[in-house]
Amino acid sequence: LTFADLGKIGIDKGGGDAPPKWIITRSSGNEYRETIDGVILYTTCRRAFWKNRKGTTTDPPDCFSNDLVQGIGDPGGECVICPNNKWKTASTGKGKACRQHRLLFVLCAGEIFPKLISAPPTSLKSLRAYLLGLMEEGTGHFQIMTRFSLKPGEDWPRIIARNVSPLDNASIQSVLTMTRQYGALFETASIDKGDALGDGETQEA
């Protein structure tokens, strides 16, 4: 398997009386759900910047950072002083021109391969709080089943995560084995331009 082979879970923001929903990409067509239950195998944050917000969704970024410290490309350099890492530099909204997403590789209940959730800036704080809360409890994200839901927002839905049940020891060992199996693949993960274009250009909330 390659990174491109892994399925993705996107977000339909809804509108009007329609609530936001998850979109699970499948070969047979898209599947829509209000909640998703799964085990977080691996999570990391990435940054990416495109000079041209138009073009195709497969365009590589002009600049990116896998450690949120050093940008690689144009303009490159230290992220902390980069003008594209400032609020209100996005083409619309209050966000940053350089997009930061949290990538979560999730093994959904009943599935055999992990799928990728690319969480937009609106969900960074809520997911960070959830993961830190688990750490404070001495619980690994790989030891529990997490339920992901979507809360409507002014510009873009916010991802809400909560612990719904612990895994038994056999399941934990299976999860750890899978994480080791795909570890190198997870490390190659990056933000897709299609995800960056669709996140509402909003700020962290």
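Trainee: Let's start with Phe 113. Which residues is Phe 113 in contact with, leaving aside its neighbours within four places in sequence?
Mentor: With those neighbours set aside, Phe 113 touches Leu 1, Leu 107 and Tyr 182. Do keep in mind that this is a predicted model.

Trainee: Noted. Where does Phe 113 lie?
Mentor: Phe 113 is in the loop between strand E8 (99-108) and strand E9 (115-119).

Trainee: And why does Phe 113 count as partly exposed?
Mentor: Because its relative accessibility is 42%, and partly exposed is the class between under 20% for buried and over 50% for exposed.

Trainee: Which residues form a nonpolar patch on the surface?
Mentor: Leu 1, Ile 112 and Phe 113 do, and together they have about 340 Å² of accessible area.

Trainee: How far apart in space are Phe 113 and Gly 77?
Mentor: They are 36 Å apart, C-alpha to C-alpha, and also 36 residues apart in sequence.

Trainee: Is Phe 105 buried or exposed?
Mentor: Phe 105 is buried, at a relative accessible area of 0%. Tyr 42 is buried too, at 19%, which sits just inside the under 20% cut-off.

Trainee: Which residues form one aromatic cluster?
Mentor: Tyr 42, Phe 105, Tyr 182 and Phe 186.

Trainee: What lies over the face of Trp 87?
Mentor: Lys 96 does, at 4.5 Å from the ring centre.

Trainee: On to charges, then. How many salt bridges are there?
Mentor: The structure holds six. Among them is Asp 192 with Lys 8, where the closest N and O atoms are 3.9 Å apart. Asp 192 is in the loop between H2 and helix H3 (193-197) and Lys 8 is in strand E1 (residues 7-12), so this bridge ties together parts that are 184 residues apart in sequence.

Trainee: What about the exposure of Asp 192 and Lys 8?
Mentor: Asp 192 is partly exposed at 29% relative accessible area, and Lys 8 is partly exposed at 28%.

Trainee: Which salt bridge does Arg 147 form?
Mentor: Arg 147 pairs with Asp 37, with the closest N and O atoms 2.7 Å apart. That pair also links distant parts of the chain: Arg 147 is in strand E10 (residues 144-151) and Asp 37 in strand E4, 110 residues apart.

Trainee: And what does Arg 33 meet in a salt bridge?
Mentor: The side chain of Glu 31, at 2.7 Å from N to O. Arg 33 is partly exposed at 26% relative accessibility, and Glu 31 is partly exposed at 25%.

Trainee: Last one: where is Gln 181 placed?
Mentor: Gln 181 is in helix H2 (residues 169-187) and counts as exposed at 57% relative accessibility.

Key: Residues are numbered from 1 along each chain as its sequence is written. This is a predicted model: local features need pLDDT of at least 70, side-chain atom pairs count only at pLDDT 80 or more; totals for chains, interfaces and linings use all residues. Side-chain values use heavy atoms; hydrogens and water are left out. Patches are made of residues with over 30% relative accessible area and no salt bridge: like charges are joined within 9 Å, nonpolar side chains (Val, Leu, Ile, Met, Phe, Trp, Tyr) within 5 Å. Accessible areas come from the Shrake-Rupley method with a 1.4 Å probe; for residues, only the protein chains shown count as cover. A salt bridge is a side-chain nitrogen of Lys or Arg within 4 Å of a carboxyl oxygen of Asp or Glu. Helices (H or I, at least four residues) and strands (E, at least two) are DSSP runs, numbered from the N terminus. Buried means under 20% relative accessible area, exposed over 50%, partly exposed in between (1.4 Å probe, protein chains only). Rings of Phe, Tyr and Trp (its six-membered ring) pair if their centres lie within 6.5 Å; planes under 30 degrees apart count as stacked, over 60 as edge-to-face and the rest as tilted. A charge sits over a ring if NZ of Lys or CZ of Arg is within 6 Å of the ring centre and within 35 degrees of the ring normal. Contact means heavy atoms within 4.5 Å.
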